[in-house]
Amino acid sequence: MADNEDTSYTQEGVMAQIWVAFGQGTGMTRTSQKSVMALKTRYFGEIPGHLEEWGDNAVQVLERIRVIGKVSALKATERGSTVISEEDVNDAITSVERESDTSWCPP
């Protein structure tokens, strides 16, 4: 971490990182507003309990969020759609969390 980087994390800042990582996972596939808000519904309330450990766990958590984006895009593609739906995201969240089994994604 760079010496000049701010190490105090906020709920809003972590949520922003989650949205960026999700977008990295979705690639060029479009998302509906409801689909990205599904991430906020699932994770925003969990963030405050993990702020102290975010610096240590962010890389792993964000990689799982990228996978949620990839799985969501795959689900949309399988449906023959060009837009990721809220259901695609919720299904991807369930799948990734089940496999993750971490403090952020308990079984």
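Modeller: Let us begin with a crossing: helix H3 passes helix H4 in a right-handed manner, a crossing being right-handed if the near helix is turned clockwise from the far one by less than a right angle, and left-handed if anticlockwise. Helices here are DSSP runs of H or I with at least four residues, numbered from the N terminus. The model is predicted, so local features need pLDDT of at least 70 and side-chain atom pairs count only at pLDDT 80 or more, while totals for chains, interfaces and linings use all residues. Residues are numbered from 1 along each chain as its sequence is written, and side-chain values use heavy atoms, with hydrogens and water left out.

Colleague: Which residues of H3 and H4 make the contact?

Modeller: On H3 they are Arg64, Val67, Ile68, Val71, Ser72, Lys75 and Ala76, and on H4 they are Asp88, Val89, Asp91, Ala92, Ile93, Val96 and Ser100. Contact means heavy atoms within 4.5 Å. Eight of these residues are nonpolar, two polar and four charged. Ala, Val, Leu, Ile, Met, Phe, Trp, Tyr, Cys and Pro count as nonpolar, Asp, Glu, Lys and Arg as charged, and the others, Gly among them, as polar.

Colleague: At what angle do H3 and H4 pack?

Modeller: H3 (residues 54–78) and H4 (residues 86–100) pack at about 135°, with their axes 8 Å apart. Axes are lines fitted to C-alpha atoms, for helices over the stretch in contact, and angles run from 0 to 180 degrees between N-to-C directions. The angle makes H3 oblique to H4; under 35 degrees counts as roughly parallel, over 145 as roughly antiparallel, 65 to 115 as roughly perpendicular and the rest as oblique.

Colleague: What does Lys75 touch, leaving aside its neighbours within four places in sequence?

Modeller: Lys75 is then in contact with Asp88, Asp91 and Ala92.

Colleague: And how do H2 and H4 pack?

Modeller: H2 (residues 33–43) packs against H4 at an angle of about 40°, with axes 7 Å apart. That makes H2 oblique to H4. Residues in this contact include Ala38 and Leu39 of H2 and Val89 and Ile93 of H4.

Note on methods. Helices (H or I, at least four residues) and strands (E, at least two) are DSSP runs, numbered from the N terminus.
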